[in-house]
Amino acid sequence: MARYSDTSARPAAKARTRPGQRDARRAGPPPFRPVQLATLVDTVPAGSGWLHEMKYDGYRLLLAVGGGEARAYTRSGLDWSDRFAPLLAAVAELELSSALIDGEAVVLDADGRSNFQSLQNALKASPGAIDFFAFDLLELDGADLTGLPLRERKRRLVGILPERGERIRYSDHIEGSGEKLLRSFCAAGLEGVISKKADARYVGSRAGSWLKTKCIKRQEFVIVGWTPSETSRSFRSLMLGVHENGSLRYAGKVGTGFDTAELLRLQTLMRPLEQKEAAVKAPRSEARGAHWIKPKLVAEIAFTEMTREGTLRHPSYLGLREDKKAEAVALESETPVTTATRTAPVPISNRDRVIYPEANITKGALADYYAAVAPVMMPWAGSRPVSLVRCPQGRAKKCFFQKHDAGSFGDAVKHVAIEEKDGAQEPYLYIDSAEGLLTCVQMGTIEFHGWGSRIEDVEKADRLVFDLDPDVGLDFEAVRSAAFQFRDLLKSMGLETFPMLTGGKGVHVIAPLVPRAEWPEVKDFAHRLAQAVAQSDPDHFTAALPKAQRKGRIFVDYLRNQRGATAVMPYAARAREAAPVAAPVTWKEMETIDAPSHFHIGDAATLVKRAASKALADWGRAAQELPDL
């Protein structure tokens, strides 16, 4: 593939800061953003409106540089800067004021092919051998580029990269002829093709504008046990599982692809996880002599096909996936390319049914709202366990919460198996696409409430949420004042926060977190902070749970910050009079905003435009460590 050929249009490596931009030279690296994901399809999309790139066999990374520092983030937001130090040194040499670059970390063999197991080995022994192929540019010199067409983002990306980079390289592409490219890649033993709409904006979720076509079948599986070897003290094969409809099922064995060092490493990792009971129900003939382990380790497996019984044919071990938790491993199936690329993926029945009777707002209007805001809502609501507020006959009739499902929503709504207090696993709902969002609306959903953690690791919080809930009779001015007090208090502790109108009675003050602290620590922090605020200003605040003790005060609801608790998602509609929505705002706007129900579903165009503005570009993205209290 030829490098982008319009060299006459190459921009300078450094751009001047425009009025209204963040001064990138003084700020640190840009914060993590949710990455755009590709949908697995059966064939490469046809037409000249697609850019086709090589599918690399490595780790997805965001490289962030700014203020003399650099960071490396995994696809789930983990800071792996220490593991990719040589890459960060290389990106720092580009002398960029500020940039956020999306790409893949790989190790190339002598024939220029990327190999996942070689990458695993390099991370342990020789990180200097790792290259980074950059394929998108999300921010440059303080400017958010995600609203630009892909073709323009790539034009700017190639302008900041060296012509012949040794560690930081440009990911080439071709326009059209995708099937021909796939055939040549497969013949060369490569993994496949990523196809991207040339005119599409960058969306931090699975949006249908990025598609992947594979030469061979491969995906992640959970290691659930091992069978002993008859000739050595190591194991003979690994026993595998995969989540389907929210439960872990047996997926077969893999006994090839290991070298001696990997056999010993896996044995060391599995030994502390041994348990008597199997996490899956395996056939008796397969389970004979098996050693079972807790389902914590994730392996990348290549295979030719899956049998009718749901087990793998001709599997081969490729390596461990340390960037993905076992709970997030679900079976991936090919979607017909025509389905993946259609613009109206979910037909809405009974569009004329009135679901907001006081405003005569219909189910069709609600569906149109969610279709419009999906690109800005999914980065926050996608890939995290959700609870739905379903009102099939409208908000004035019976509504109910739903967080589990056994498959009645169809394939567009996903499931993640989460362990309950009694040790059993339950299928929690999550969505990762606009199709999933609208499928829920078709099933009568009005509200979306999400966990404070993502499916990649449900045990680690990626946000703190303080719900400032006023007692009856308090006006919004009291809530506004309380929100600013919380902002200042948390800022004094080193936490940057963002306000969100709930569309209900109050305001959420949200502090994004690096997902490292686990739920007990997060809940304890939130509880003690709420108590401290209530004790320092008992006339205005309370952290008491009984409603009788909240009279005339604002309840600091810290209980959003515990395992299994949910909070309303940004841009979610509310099942309240006049169809208000939860809306992110800036602290500057909070000075004059009139009510927590300021926006409603008729404001979809305004909300989408606001989300692309500089004022809201960094809303909720400045992930930080949980401080000591």
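Colleague: What should I know before I start?

Modeller: The model is predicted, so local features need pLDDT of at least 70 and side-chain atom pairs count only at pLDDT 80 or more, while totals for chains, interfaces and linings use all residues. Residues are numbered from 1 along each chain as its sequence is written, and side-chain values use heavy atoms, with hydrogens and water left out.

Colleague: How many disulfides does a search of the whole structure find?

Modeller: A disulfide is a pair of cysteine sulfur atoms within 2.5 Å. Here the search turns up two. Cys186 is joined to Cys215, S to S 2.1 Å. Cys186 sits in helix α4 and Cys215 in the loop between β11 and β12, so the pair ties together parts 29 residues apart in sequence. (Helices are DSSP runs of H or I, at least four residues; strands are runs of E, at least two; both are numbered from the N terminus.)

Colleague: And which cysteine is joined to Cys391?

Modeller: Cys399, again with S to S 2.1 Å. The torsion about that S-S bond is about 120°, so this disulfide is right-handed.

Colleague: Is Cys391 buried or exposed?

Modeller: Buried means under 20% relative accessible area, exposed over 50%, partly exposed in between (1.4 Å probe, protein chains only). Cys391 is buried at 2%, whereas Cys399 is partly exposed at 29%.

Colleague: Why is strand β12 largely enclosed?

Modeller: Because 10 of its 12 residues are buried. Strands pair if DSSP finds at least two bridges between them. Nine bridges join β12 to β16, running antiparallel, and six join β12 to β13, also antiparallel.
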